[in-house]
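Let's walk through this model together, one stop at a time. Keep the sequence and the 3D view side by side as you read.

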Amino acid sequence: MKNMNTRQKEILYLLLSEPDDYLVVQDFADRVQCSEKTIRNDLKAIEDYLNEHSHAQLIRKPGLGVFLHIDEQERTWLSQQLHTEHFYSRQRTDEERMLHIAYDLLMNLKPVSAKEIAAQHFVNRSSIKKDLCAVEEWLKRFDLTLVSRQRLGLKVDGNEKNKRKALARISDLIDNTEFTSQFIKSKFLSHEVDFVAKEIKSLQKEHSLYFTDETFESLLLHTLFMIRRIKMKQPISISPRELAAVKKKKEYQWTFACLQRLEPVFAIRFPEEEAVYLTLHILGGKVRYPLQKEENLENAVLPKVVMHLINRVSELKMLDFHKDQDLINGLNIHLNTVLQRLSYDLSVSNPMLNDIKKMYPYLFHLIIDVLEDINQTFDLHIPEEEAAYLTLHFQAAIERLHHSSDTHKKAIIVCHMGIGMSQLLRTKIERKCHQIAVMACIAKADLKDFIKQHEDIDLVISTIALENITIPYIVVSPLLEPSDEKELLAFVHQLDKPQRQKQKTFQMLNNTTPFLVFLQQEAEHRYKVIEQLATALFEKGYVEKEYAVHAVMREKMAATNIGAGIAIPHANAKYIKQSAIAIATLKEPLDWGNEKVSLVFMLAVKHEDQNMTKQLFRELSYLSEQPAFVQKLTKETNVMTFLSYLDY
């Protein structure tokens with residue numbers, strides 16, 4: 001809806017609210033309190049929006065007025081969009097402000113006072129103080145410090161490489177990659193952005209590079225930041241060893257030639273350190289198509305890591321993934337770039353991290369445990385963002401194992417999130433929608449050419465909005481959430497999938513006792529809660545003494561919150577004597593990863609109890625979708641009553 005202002009959205013809402021009736025321009029003018037001329041201009045903007053994003057038609061008849069011709073399904077969708085925009089408008093304003101503050105602090109060479117920031121954003125000092133605390137915490141992730149100098153103001157301290165890392169990951173602050181991208185581009189002239197994008201596309205085409213849309217966007221922003229920082233006389237520093245190693249690579253020559261074409265446009269000279277810096281990001285970029293064999297083998301550790309991962313996940317899931325060539329290829333492609341990024345100290349962003357953790361908690365945490373072992377064995381540090389991407393690869397493989405259907409509707413998927421996400425989306429769609437056969441997963445940039453070459457495509461399923469497309473298309477979440485499934489099934493005229501059976505009993509009751517339940521606990525930090533529950537399990541003989549230490553170490557690697565105020569801390573199964581669950585509710589919600597948690601289940605489950613584990617995660621998944629029930633549990637003060645709630 002970003003093509004329309006607030007008043008235009010209100011007018012469209014009025015049109016949607018008055019089906020089968022003409023409204024005169026004067027009616028709109030009276031309702032939104034502006035002139036008829038303004039309304040006519042607004043109607044033109046609405047018409048442009050509808051032409052681009054909808055099949056609805058705005059019909060104007062002299063003497064009668066204006067009428068919106070639209071089918072019921074689309075009327076419902078547009079109404080929901082407008083409602084959502086209204087609901088989040090205040091939150092979006094707060095997010096925009098935090099984004100502005102972080103960006104300005106990182107880009108400013110001189111200190112700026114909190115008073116100046118408050119005046120700039122028309123809010124009081126206490127609101128700005130809250131924003132600054134959030135920004136300060138976020139900066140720590142990049143080894144940057146927000147320093148307050150008396151009578152001068154605030155300034156970000158740290159090296160240039162870390163400042164650029166933070167600028168590139170600024171979307172993490174507000175969890176909206178697309179908006180952040182537009183915000184950063186707005187800091188440059190549109191022809192400058194277009195020229196840089198054109199050169200990166202030329203680089204791709206000339207050297208047959210197949211970046212994901214996400215990586216392309218990242219390279220564009222890195223290049224724009226580079227240009228701005230060079231002009232500000234803030235150069236990057238690269239070690240002589242790294243400089244020498246990267247300059248030998250063919251990608252360096254490609255990057256250097258690309259930057260030379262940018263020099264006259266921006267009236268700057270790119271030092272070789274900057275060319276090396278951008279080359280590192282190209283080497284660490286995610287690609288959509290398989291690499292050549294010799295490129296795969298460039299990193300000697302890669303096949304060992306891939307095999308270790310497949311072996312352990314196969315063992316723990318009791319499924320054989322060794323024959324799934326799509327999985328093996330996908331892991332090779334993905335982990336190749338992961339190892340590149342790690343060796344060049346490049347950070348990775350995963351905008352879907354929290355959604356993946358909530359949708360696939362069991363598989364995500366299983367992969368985190370496997371990665372802990374891989375990190376120790378191969379002296380690596382693969383972060384939880386990558387664990388989430390790997391979860392998608394294995395989830396897609398699981399979907400393929402269960403996939404069996406006759407398909408006849410030809411579809412293509414346009415996915416901007418890379419090969420793991422697109423493969424998962426593909427297998428989920430084909431399993432959930434038996435009428436659909438997915439012909440290919442492509443990038444938005446390839447859509448027009450693909451459609452020309454394949455005229456028999458029936459529909460397009462996209463994770464992003466598309467423009468000027470004649471084939472029917474639908475936008476879904478990359479994770480194909482239940483609401484997306486429903487819309488997609490309706491879109492291809494299928495019956496709704498059977499409703500999930502209501503949860504009746506909780507098997508977790510079989511694995512806990514009143515002596516392992518602690519209600520209304522007060523704690524300063526989540527590690528204290530973990531230590532308390534682990535100690536209780538140790539004292540009752542369920543786990544080894546080391547379990548507590550390893551549970552905290554595991555939590556430091558990746559927070560175990562799964563949404564809806566629930567967390568599931570645990571440690572390596574080798575420290576478990578007998579499977580059990582310890583439970584705590586918190587008097588006041590605690591910060592746990594990126595959310596507040598009130599209900600904690602410490603899972604001490606032996607590997608051989610696989611069926612129990614799967615059932616537990618089904619129950620936890622059910623709980624995470626029942627906020628009222630979770631609240632009921634967290635408010636309870638009597639242990640036996642608490643346990644009775646889980647037995648109904």
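At what angle do helix α12 and helix α13 pack? Helix α12 (residues 250-266) and helix α13 (residues 272-283) pack at an angle of about 120°, and their axes lie 9 Å apart. Here, axes are lines fitted to C-alpha atoms, for helices over the stretch in contact, and angles run from 0 to 180 degrees between N-to-C directions. Helices (H or I, at least four residues) and strands (E, at least two) are DSSP runs, numbered from the N terminus.

Before we go on, a word on the ground rules: this is a predicted model, in which local features need pLDDT of at least 70 and side-chain atom pairs count only at pLDDT 80 or more, while totals for chains, interfaces and linings use all residues. Residues are numbered from 1 along each chain as its sequence is written, and side-chain values use heavy atoms, with hydrogens and water left out.

Back to our pair. α12 and α13 are therefore oblique to each other; angles under 35 degrees count as roughly parallel, over 145 as roughly antiparallel, 65 to 115 as roughly perpendicular and the rest as oblique. On the α12 side, Glu251, Tyr252, Thr255, Phe256 and Leu259 meet residues of α13 that include Glu272, Ala275, Leu278 and Ile282 (contact means heavy atoms within 4.5 Å). The residues of this contact between α12 and α13 divide into 8 nonpolar, 2 polar and 3 charged. In that count, Ala, Val, Leu, Ile, Met, Phe, Trp, Tyr, Cys and Pro are nonpolar, Asp, Glu, Lys and Arg are charged, and the others, Gly among them, are polar.

Now find another helix pair. Helix α7 (residues 160-168) packs with helix α10 (residues 213-231) at about 135°, with axes 10 Å apart, and α7 and α10 are therefore oblique to each other. Glu160, Lys163, Arg164, Leu167 and Ala168 of α7 meet His222, Phe225, Met226 and Arg229 of α10. This contact of α7 with α10 divides into 4 nonpolar, 1 polar and 4 charged residues.

Among the buried residues of α15 are Leu302, Val305, His308 and Lys317, where buried means under 20% relative accessible area, exposed over 50%, and partly exposed in between (1.4 Å probe, protein chains only). Just after α15, Met318 takes a positive phi of about 55°.

Helix α18 (residues 361-378) can be checked likewise: its 18 residues should span 26 Å, and its end C-alpha atoms are 25 Å apart, which agrees. α18 is mostly covered, with 13 of its 18 residues buried. Asp379 follows α18 and has a positive phi, near 55°.

Our last stop is Ser477, in the loop between β8 (473-475) and α22 (482-491). Ser477 is buried, with a relative accessible area of 14%. Not counting residues up to four places away in sequence, Ser477 touches Leu425 and Asp484.

Notes:
Expected span 1.5 Å × (residues − 1).
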